[in-house]
Amino acid sequence: MKVLIIEDDPEIVESISLAFRIRWPEAEVLSSRLGSKGIELVKNQPPDAVILDLGLPDMSGFEVLRQIRASSAIPIIILTISSEESNVVKGLELGADDYVTKPFRQLELLARVKSMLRHHGTSEDESPMVYGALRCNPAERQVSLGQKEISLTRAESRIMQQLLRQQGHVATHSSLAEALWGTTYPGAADNIKVHIRRLREKLEEDPGEPQLILTKPGVGYYLAKIGVG
Ligand code: CA
């Protein structure tokens, strides 16, 4: 098990490495403070997971993400500053599997890495699910709604599956966090909200006035049944 940290802040690198040494000693931790070197390491010593900071000295973290994704499907978590939600969206669109906002707790990051690895490439229950005109094919990470065919990120697909499993009921924030990361933690609801917003942008006619993915304030989200035709 090998983890690559691409991050230029030595304190963050040290604190993540320390957390791995204590909690997950069998994991080998590599690091690079430069994006270019990180890309090289991914090619030459392929890790099992990458922790990628978006603010790097030599090139943009997005560019690093794009270049890694051009040739590899390894799980990637991006590190971003909490105020920069647009960065999160862009990172997920470019193929990051998950994100953690700074400052973060090492245990949260470790839990995310573990969950990402556990889920990666596994096929739990991937049979298609249907609710009214909505059809979700988890194996392909595709959703269809009437005539529309939409591709989802891994996280979006997990949320959709959980909403469908709970059809007719509210999927709580913690149940969605469990579906996504195998655990819940304080602040999970904010993270889920970002994915929900993206899902609405993909699926709703007017994401500001959702008709399909509805909010139960303070509790979670639920699907409205949209009829066929
Ligand atoms: Ca940085």
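Predicted model: local features only at pLDDT ≥ 70, side-chain atom pairs only at ≥ 80, totals over all residues.

Me: Why is S115 called buried?

Reply: Its relative accessible area is 2%, and the cut-off for buried is under 20%, so S115 is buried. S115 is in helix α5. Leaving out residues up to four places away in sequence, S115 touches L180, W181 and G182.

Me: And L30, what puts it in the buried class?

Reply: L30 has a relative accessible area of 16%, which is under 20%, so L30 is buried. You'll find L30 in strand β2, residues 28-32. Its contacts, not counting residues up to four places away in sequence, are K2, V3, L4, I5 and Q45. L30 and V50 are 20 residues apart in sequence and 9.5 Å apart in space, C-alpha to C-alpha.

Me: Which class does I81 belong to, at 45%?

Reply: Exposed needs over 50%, so at 45% I81 counts as partly exposed. The residue lies in strand β4. From I81 to F104 it is 23 residues in sequence and 9.7 Å in space, C-alpha to C-alpha.

Me: How do you know which protein atoms are donors of the calcium ion?

Reply: D8 (OD), D53 (OD) and G55 (O) lie 2.2 to 2.3 Å from the ion, so they qualify as protein donors. Water is not among the atoms, so the site may look incomplete. Along the chain, the donors follow the spacing D-x44-D-x1-G.

Me: Are D53 and G55 buried or partly exposed?

Reply: One of each. D53 has a relative accessible area of 5%, so D53 is buried. G55 is at 43%, so G55 counts as partly exposed.

Me: What makes you say that the buried residues of α4 line one face?

Reply: In helix α4, residues 85-93, the buried ones are N87, V88, G91 and L92. Seen down the axis of α4, these buried residues fall within an arc of 130°, so they line one face of the helix. They pack against α3 (61-71), β4 (76-81), β5 (98-102) and α8 (188-203). After α4 comes G95, with a positive phi near 110°.

Me: Which residues have the most contacts inside the largest nonpolar core?

Reply: M160, I192, I213 and L223, in a core of 29 residues. The elements that each supply at least two residues of this core are β6 (129-131), β7 (134-137), β8 (142-145), α6 (154-165), α7 (173-181), α8 and β12 (220-223). A second, separate core of 23 residues includes L56, L65, I76 and Y99.

Me: Where is the centre of the largest pocket, going by the residues nearest to it?

Reply: Y99, T101, G187, D190 and N191 lie nearest its centre, among 18 lining residues. α4, β5, α5 (106-119) and α8 give two or more residues to the lining. The space in this pocket is about 250 Å³.

Me: What makes the peptide bond between K102 and P103 cis?

Reply: Its omega is about -5°, and the bond joining K102 and P103 is cis. P103 is in the loop between β5 and α5. For background, most peptide bonds are trans.

Technical notes: Residues numbered from 1 in each chain as written. Heavy atoms only, no water. Donors = N, O, S within 2.8 Å, 3.2 Å for Na, K, Ca; no water. Buried < 20%, exposed > 50% of the residue type's maximum accessible area, 1.4 Å probe, protein only. Helix = DSSP H or I, 4+ residues; strand = E, 2+ residues; numbered from the N terminus. Arc of directions from axis to C-beta. Contact = heavy atoms within 4.5 Å. Core = buried A, V, L, I, M, F, W, Y, C linked by side-chain atoms within 4.5 Å. 1 Å grid on protein atoms, 1.4 Å probe; cavity = no way out; pocket = protein on both sides within 12 Å on 5 of 7 lines; lining within 4 Å. Points joined across faces, edges and corners; volume = space filled by probe spheres on them.
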